[in-house]
Each structure stands twice: as C-alpha cells, then as structure tokens.
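Morning, everyone. I'd like to walk you through some ring contacts and a bit of strand pairing. Here is the model.

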Amino acid sequence: MNRNFTSILALILVSLVFGFLTGCSSSSSSTPPPPTIAITATSGSGQTATVGEAFTKMLIATVTSNGTAASGVTVTFTPVAGPAGQSCTPSATTVATASDGTASITCTANSAPGAYSVTAAAAGATATASFTESNTAQKKAPIVFVFYVNGLEGNPAFPPGLGPAYYAVAGAVGFDSSGKILGGEQDYNDGSGFTSPGEPTAPDVINPTGSSMTVDMTTGTGTLVLDVAASNPKVGVKGIETFAVQFINASHALITQFDKSATSSGSFDLQMASSGAGGNFAFTLSGLDTTNESTVAYGGVFSNTSGTIHGTYDENDFGKVLVGNTLTATDNGVGADVYGRGSITGFTDPNNGDTPISLVYYIVGPEVLRIIDVDLLDALVGSAYGQGSATSFDSTVLSTDVFGILDNTEDAKFAAAGQLVAAGTAVGAFSATFRGEGDDDEGGTVMATGTPGGVAGNYSFSNTVLGYGSMKDITGLGSIHTLGLYATDPKLNLLDPNNTTAANLGAALVLDLDDFAQGTGIVVPQGTIASDGSDLNNSHGFGAQAYTVGSWPTGNVGWEYDFVGQGTFASLVFTTGTGGPPTPADISDPFAYFVTGTPDEYTAVPIVGTAAAPDAAGRYAFRSATPFAVGPVGGADGPTKDFTVVMYEAGPGLVFSIEEDTFSEWLGTFQEKSASSLKAMHVKRGPLVKGQAKPKR
C-alpha cells in the first residue's frame, strides 16, 4: 500500500475521532434554557369591602414553572393606592408558595373609599399579577354617639423615662337599635408626631367586628371597646381602645380611657345632626405645641356663613398671650361622611408666624361641635357652641353663676371653681363688675379657699364682635387675673348638649390669659340652693380629671389619673353604695398613683364622704373628719385615699367638684341622673366587660 495514502487515511481518521470527541464534550457542557416563571391572580379580585373591614375572600396568586405548580417561591403583595389614598392593609407582604403553587393573603380596606389594585410579584417572573379591589364608605347608622377625650398617654417615640405626653381623641360611633356597633371613625393626635395615619383626610376606622359597648341599665355604668387596629394599631392595646363610661341619661355619658395605655376624661353624646355647622359660635381649644415644646390654648368667637368663617380669637402659648386675632378660615363641610366629620382650613397660630393648623370637627348637633387638631407637631381638642339667634351679648350674660376651670394636663398647673355674682348689669351695657368666692389649687398649693366675697373683678363684652369678651383685674383667685370670655346660646346646655330642660343653660366659655397657665372652662347660671343641701338628694353620675403633684410615688413617670362612676347624696352623705355588684366607680391609674409600682384600672371602688351644709354661695366642703374617701382600691386589702374636696352647686342637676390637696388636684362634676331615661338607651344590656389590661406598645 502506498505510504502516502496510508498517512493521509490515518490523518483523516484522527481528525474524525477528534471532531467526534470535541462534539461530545461540547454537548455535555451546554446550559439548558431557564424555566419560565409565571404568576397569575387566581382568586379574590373584583371584591368590595366597607372601609375598615376585611375582604371576604383571600387574595390568591398562583406561580408556575414551565406550566407546573412551583412551591417555595417568594411572592410579594403590594397595594397600589388610588388617587384619594384608598387602599388595603395586607396580612403579609411576602408569602412563600405552597406545594400547589399558591400564595394567599387577607386584606383589610383602609378608611378611604374608592377603587385601587394590589399587585403580586414572584421571584423570577417577568410580569406581575394584579387584583382589582374597591372600598365603599360606611353606611349611616341609625344611632350615632360623638365622643372626645384628652389626657396623658405613653408615646413610643420617647426614650425610656422621657414620656408620657398629652394626647386627644375625637370621633363618632354608630349603633343599630339593638346596641350593636356598626362602625365609626376617630382622629387621634398627641402632638409628638403620632397621629391617625391617614390625616388630615382619612380618620381611623372603627371596625364593628372587634367593637362593643355594654351598659348596666341600673347604674348606667359600662364599657366601650373600639377596634381601630386595621387603621391605627399603635393606639390603645394593639389598636383596641377601652373606655369606662358613665351614662347620665340616654343621650349623655362621661368617659375615661381605661386600658393602661392612657388615661383621659371626656364626653359621649348622642348625635342629633350630622351636617350643617353654620351660624355663630364660641369656642375654646387646649393642647400642645411641640414646635416650641409648650402648652397652648385658644378661645374666641366666629361666624360660619356657607362655609366662610370669620371671627376673633385669643391665644395663650405658654404665657405668650395675643388677643383679638382675626380669624379667616374655610369650613370644608362633611361631604359624604356619614358620621358628621368635617374639616376647617385657614386657622393659624399667630404666635408662630401664623403657622396653619388643620382642624377636624364632629357634629353633635346644630350648635355643638367637637374639634380636634390633626397636625403632626401640635395637638388641640375642644368644643364650639352656638350663640343661637342673639344679635348682641351685653353685661346681662352673667348674673349669679358658677364656674370651673382646669389647666391642660401637659401643664397641670391648676384647678379652680367658684361662684360669681355680677353687679351693675343692664341691657345695652357691655361692662360690669362681679364679686364672689372661689377655690384654686395651683400645683398642690391652695391659693384660694372659698372666702365669701373674696373674689372680685370686672368684665366686658365687645359691642361690635358678637359675644367676644374678657374678665380682668381678678383678685382673690390665686394667679388667675385675666380670662377670655366667650358667650354662648342662653338655651344651650354646655355639659349635656341634648338636655335643654336643665336649669343651668347658657352663659360662657373661658380661657385663662395669664402667663402662668393655659386653662379652659365654663361659666353657667346658678339656680336656687337649698340651705341644708337636700336638693342634692338624688343619684348622680360623676367624673374628674386629676393631676398628681408634689412627691410622686417611686417610679411614677406620669401625673394623671381619671375616674367615672355613680353614687347618691342623702342628707349630705355621698356614697357609691356597697349593697352588691356593681359598686360603680372606675379609676384609670396607668401611672401607678394609688398603688406604687402597680399601673392598673380599678373597678368597683367604694367612695364615701360627708359634706358640710353649703354656704350662701353653694359651696360644700368635705371636712377632714369626714373626707371624700376613695377605696379600698384594688380589693379589700388595697389602700384608701382621703381627699379634701370642695363642691360648688350650680343647681340640683349640676355640681362642680375641686380637689385641693398638696399631693393632687382635680376638677370634675356631679351630674344628676335621669334613671327612667336610661331604659331608652340603645346599647347592649348585660354584665360589664372587664377593661383591657395589657401594656400599650
């Protein structure tokens, strides 16, 4: 065989083998194409839920890999808010798929109605899945109560030992005719950056599922539980707020927060109108301005004509007093809100360069608004009361009257109460003088103790600004020398707005304009007082907001406690009764005043005391031998606290109480109960619900 041919053939065979081996090597090391990951919305799209409530069906997304169910894939759910902020809160933002390739969540509608979407994205997928959802507004409940409170809470933003802080809440709760809560809304603010998350446009939504109110029909004592966890889980106990309530009649109750998260006092009143806030009003607001780290209060008068507000107001910003400020603002109305919630823009802080203050109100009735400031760096709460059809307020606004004034809890400087007798009044005359007597406790120092004729001063009203006035040159009432005075409708009840048959209607709101404190209060007419006190022989609901002063218990970081309850006067003896459950006095003590080191809420606390017969001014005093004794607190072995308490009677239906000890001070009221009308209350009847007892945040 030819050698050249043999060599060529060998070379060809080697090349073929090498090519074959190279091809095999290349084939075995190539990367297969990646799987195709896809995600689809398989269930839960197209649902509608009432604001604050969870959607009925779960939102389910399915993930596949090359068409086969993929397990262990992370799916991220993201609500995409609509133009008005409408959205929902997912139960989880990331979920791993199960063996069938599905990932699911629940979602709770927030407080804004409207349509929006929720996207679901899977790791490795090039496209997302989308759910289309919608929130609907709450329906108007047949029975609505409006509430507001202010007091002291612990703030999670504060480092340990630097809390607590002032806070305020205002809102409305809807009931059906059987007493079941159907929903509601509220606005929460502590002026320290902790507000309802949707402010200023969207309040916290009260979820009926976790809310309830139970009242004992015999005593009017009860418990209100509000669930706002979906909107604002940081308030109360993980979004569940509990209040102790004491009904005076079927349309009015005193309330205090009662869940260890905070303590406060306020009012709970049947709503008689849910739209229309026009006319002339007097108002006071009190709270906290953290811009200057100071307490602040406002008072004045305004007219509201078709949403255009004009008025005159005074400000006391930690002693920086500016009076006669011009108010120009806009009432934006309640719109479609079914709970009578409206807003006001244009109100400003003249002591801070006219910084805007956003106000929200809830309508109690045509002449009563509960107002709350919803800004991040200031918090205010208060009321506006109508001035009726009056075209002028002159010196006859005051005659023989009783007053009560309490400082802001953040300041906690004083409590005062007393009687005033105007002199020289006449129709068409806008100034007069007054004398009287009063009690004033300033931080544990009693500055006035009811000396007859010991209080004096003068007052006047503007003859051009309706109901705008002042009280000046006041003597005999400690550090209180100047008050703003703002006249109200003489047919309006300032404490129980729906009770227009009481004897103590009308008079005025007051604002302290001194440089030492920023208290607010009311002046109401005084009726005839029985010299032996027998006109008090009836059942009364009572409540008070108290500030501890002087030597606090060891470890006590707060300085407020509050209480509500009911009891009976009989021949000057007051008692809550001990004849069987319930003994209706509830004390909110989250800062461990009564039992050192033990923050708690106390129910069934006995109270007993005997007052001396009233003097000519209607002043009663519980003397040291028969004090206003509270306790035992927390059980038979608990402590009993004896308090020095003075009362000023406006009439059988209303008594102001002031406590004046070196260790605490309070201002409160006793309001005569209407037992028969309690039967008309549309609330659940049954045993009382025990208050929440978990720490706050």
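I'll start with the aromatic pairs, then turn to the strands.

Ground rules first. This is a predicted model, so local features need pLDDT of at least 70 and side-chain atom pairs pLDDT 80 or more, while totals for chains, interfaces and linings use all residues. Residues are numbered from 1 along each chain as its sequence is written, and side-chain values use heavy atoms, without hydrogens and water.

The structure holds 36 aromatic pairs. That term covers rings of Phe, Tyr and Trp (its six-membered ring) with centres within 6.5 Å; planes under 30 degrees apart are stacked, over 60 edge-to-face, the rest tilted. One of them is Phe147 with Phe243: 6.0 Å centre to centre, 55 degrees between the planes, tilted. This pair links distant parts of the chain, with Phe147 in strand S12 and Phe243 in strand S18, 96 residues apart. Strands here are DSSP E runs of at least two residues, numbered from the N terminus.

Phe147 counts as buried because its relative accessibility is 0%. Phe243 is also at 0%, so Phe243 counts as buried. The cut-off for buried is under 20% relative accessible area, with a 1.4 Å probe and protein chains only.

Next pair: Phe622 and Phe628. Their planes are at 75 degrees and their centres 5.3 Å apart, so this pair is edge-to-face. Both Phe622 and Phe628 are buried.

Now strand S43, residues 607-610. S43 runs antiparallel to S40, joined by 3 bridges. Strands pair if DSSP finds at least two bridges between them. Val573 stands opposite Thr610. S43 also runs antiparallel to S45, with 2 bridges. There, Ile607 has Val630 as its bridge partner.

Notes:
Helices (H or I, at least four residues) and strands (E, at least two) are DSSP runs, numbered from the N terminus. Buried means under 20% relative accessible area, exposed over 50%, partly exposed in between (1.4 Å probe, protein chains only).
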